[in-house]
Amino acid sequence: MTWIDASLVLTVAAVTGLAAERRLMGLLVGLGGLAALRPLLVLADLNPWLALVAALLVGLALALLGRHVLQLARVPGRLARVGGGIGGFVLGVALVLALVTSLPVERNPVEPSLIYYPPRELPPVVRQAVAGSAAVAVGRSVLLHPLLVAQGAVPDGQVALFDALHRWFVVGEPWRVAGS
């Protein structure tokens, strides 16, 4: 475990805690954010600035919808906190997975078919932390899943899980050289 892993765990804990504090609104925003993540990733592949604006609008719409729903729902406080915590945990894990699958892919200049993930061009302190990170290793397995399956490097019990995660979190084939 490196400081990158600790930071990512703290991110999940913070999102979970914030959503639990917001109760049912946290549940709604967490699950709505998870549902909106894939379309936002596709949009970000086309235009990152437009995706940022869309994400802010989706977040605002979910918060307003949550406020309206809260006025109609009467759920006991403890149960509402648990629901909010679940929504926050789901969203926090999704955000961390989106982050660890979004590092750039580095290609070997001599052999373009040889790729590195995470990239080796990072600053030394970051490179060491990322290289030893369990979360980034999971991100690598999700991002490069089709390549790893083709090499037979994925255990049979994990193929379906990593395939589903790859389809949700990865847009296109980032390991391909442009034009090939």
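A pocket here is an open set of points on a 1 Å grid over the protein atoms alone, where a 1.4 Å probe fits and protein lies on both sides within 12 Å along at least five of seven lines; its lining residues have an atom within 4 Å of a point. The structure is a predicted model, in which local features need pLDDT of at least 70, side-chain atom pairs count only at pLDDT 80 or more, and totals for chains, interfaces and linings use all residues. Residues are numbered from 1 along each chain as its sequence is written, and side-chain values use heavy atoms, with hydrogens and water left out.

The second largest pocket is lined by Ser113, Leu114, Ile115, Tyr116, Tyr117, Arg140, Leu144, Leu147, Leu148 and Gln151. At least two of its lining residues come from each of β2 (115-116) and α7 (145-150); helices (H or I, at least four residues) and strands (E, at least two) are DSSP runs, numbered from the N terminus.

Tyr116 also has a charge over its ring: Arg120 lies over the face, at 3.7 Å from the ring centre. The rule for this asks that NZ of Lys or CZ of Arg be within 6 Å of the ring centre and within 35 degrees of the ring normal.

The largest pocket has 28 lining residues, and those closest to its centre are Leu37, Leu40, Leu41, Ala44 and Ala98. The elements giving two or more residues to this lining are α2 (24-46), α3 (48-72) and α4 (77-100). Helix α2 gives the largest share, eight residues.
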